[in-house]
Amino acid sequence: MIGGLRRGEGLALEWHLDVDWDAGGFKINRSLSKTIQGEAHVKDPKSKSSKRFVQKPDWYMNELSLYYLMWKREKNKLKDTWEGEDYQYIFHSGFGKPYYFTTPI
């Protein structure tokens, strides 16, 4: 919320693709703008200039790393009930599928 992301940009964020721990922020390369038959439709952001890096403060990245550890534990507990396939959405519905595109994050 403090990064000025559009809702769809935040919903499309994935741990392994978009979080840059060394640089301390997020790479904004995609947006989740709708779902088609229950599946997320991820596309390029609204404009080419929207592809960017969003720097975050150290305290935020520290909190995010704690959330990531919790996220991994929860995913591992779900085992076969994980619905996110190979996706690693930071914000998801609890079973790995991304939130519906109109959900505020």
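## Basis

The model is predicted: local features need pLDDT of at least 70, side-chain atom pairs count only at pLDDT 80 or more, and totals for chains, interfaces and linings use all residues. Residues are numbered from 1 along each chain as its sequence is written, and side-chain values use heavy atoms, without hydrogens and water.

## Helix H3

H3 spans residues 58-78. Helices are DSSP runs (H or I, at least four residues), and strands are runs of E, at least two; both are numbered from the N terminus. Just after H3, lysine 79 has a positive phi of about 45°.

Tyr60, Met61, Leu64, Trp71 and Leu78 are buried in H3 (under 20% relative accessible area; exposed is over 50%, partly exposed in between, with a 1.4 Å probe and protein chains only). Seen down the axis of H3, these buried residues fall within an arc of 85°, so they line one face. The arc is taken from the directions from the helix axis to the C-beta atoms. On the other side, exposed residues include Trp59 and Glu63.

## Salt bridges

The structure holds five salt bridges (a side-chain nitrogen of Lys or Arg within 4 Å of a carboxyl oxygen of Asp or Glu). In one, arginine 52 pairs with glutamate 9, with the closest N and O atoms 3.0 Å apart. This pair links strand S5 to helix H1, 43 residues apart. Glutamate 9 is buried, at 1% relative accessible area. Arginine 52 is partly exposed, at 27%. Arg6, Glu9 and Arg52 are linked in a network of salt bridges.

Lysine 77 is exposed, at 61%.

Methods: Expected span 1.5 Å × (residues − 1).
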